[in-house]
Structure formats: C-alpha cells, structure tokens
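Here are a few friendly notes to read beside the model. Please keep the 3D view open as you go.

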Amino acid sequence: MSDCIFCKIVKGDIPSAKVYEDDRCYAFRDINPQAPTHILVIPKKHIDSVAALKPEDEATVGHIFTVISKIAKDEHLDAGFRVISNSGADAGQTVNHLHFHILGGVKMGEGLI
Ligand code: AMP
Ligand code: ZN
C-alpha cells in the first residue's frame, strides 16, 4: 500500500526507532509512547487490521506473538506487559496497517481490561 505510513516504515522511507526485524515482521518504538516501554510490532505484509485477517495470515500472526514474547524479555518486562491491537473506528485504530502495541514498564490500572 503506497500511502500507508507503516508500509513506508518497513521500506525505510520513513525513519523509525527499530527494535527488531526479520523476514516477516518489524518492531519499532511508538512515536507517542503511552508507557515507559511502548513498542509496535507489525507484519511486513500490509494487512488492514485484525478484522481483515485471513486464514493464510495465521502463521504470520502466530510468529508475531513469538516475537512479542522475545521483545518483552529483551526489554526486561519481567514484571508484566500488555499487548493491544485496536481494530476499526470504535477501537480508535488510527493507522490501518495491523499492529500490536507492547506496553510495559509501569503498573497498569484496571481500566477497560
Ligand atoms: P492505533 O491508534 O492503535 O492505530 O495506533 C497507532 C500508533 O502508531 C499510535 O500509538 C501512534 O503514536 C503510532 N505512530 C503513528 N505514526 C508513527 C510513526 N511514524 N512512528 C512511530 N509510531 C507511530
Ligand atoms: Zn501498510
């Protein structure tokens, strides 16, 4: 998707603070962090959202969660962390390229979940 900012980040056309990369996914620090550690993990392939996932994306999403677990260890989030993926307008999704927020480094409240 030529006008997608996360596709541009994957291609290196927009700079980002890279945390991890492999052939299927890319992780970088959120530009507007909501916690001391706030990282986004995205598939390199453009997928709009959780709502747009297809059966052929299962391996990619499963891989992303293994990467999330590795990043949490590397970032020393041993006390816990939260993984969030906003899907669609009601959830407040602002970038329509599937992404998983990793939030940690602070004791989180009990709001919403
Ligand atoms: P969401 O609201 O769930 O769609 O999350 C989109 C996230 O992308 C927000 O937390 C933004 O701060 C973040 N974001 C938008 N543009 C960039 C960028 N260029 N680099 C890093 N994070 C970004
Ligand atoms: Zn994209």
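The points below go from the ground rules to the fold and then to the ligand.

1. This is a predicted model, in which local features need pLDDT of at least 70 and side-chain atom pairs count only at pLDDT 80 or more, while totals for chains, interfaces and linings use all residues. Residues are numbered from 1 along each chain as its sequence is written, chains are lettered from A and ligands numbered from 1 in the order in which they are written, and side-chain values use heavy atoms, with hydrogens and water left out.

2. The protein chain has two helices and five strands, in the order α-β-β-β-α-β-β along the sequence. Helices (H or I, at least four residues) and strands (E, at least two) are DSSP runs, numbered from the N terminus.

3. The C-alpha trace of the protein chain spans about 40 × 30 × 25 Å along its principal axes. With 113 residues, a compact globule would have a radius of gyration near 13 Å, and the 14 Å of the protein chain agrees with that. This radius is taken over C-alpha atoms, and the globule rule is 2.2 Å times the number of residues to the power 0.38.

4. Which residues come nearest to ligand 1? They are Asp30, Asn86, Thr94, His99 and His101, out of 16 around ligand 1 (near: a heavy atom within 4 Å). Helix α1 (5-11) and strand β2 (25-29) each supply at least two residues of this shell, and α1 gives the largest share, three residues.

5. Now for the polar contacts (pairs of N or O atoms within 3.5 Å). A nitrogen atom of ligand 1 is 3.1 Å from a backbone N or O atom of Ile31. Taken alone, ligand 1 exposes 500 Å², and the protein buries 83% of that (Shrake-Rupley method, 1.4 Å probe).

How values were computed. A polar contact is a pair of N or O atoms within 3.5 Å; within protein, one must be able to donate a hydrogen and the other to accept it, and residues adjacent in sequence count only if both atoms are side-chain atoms.
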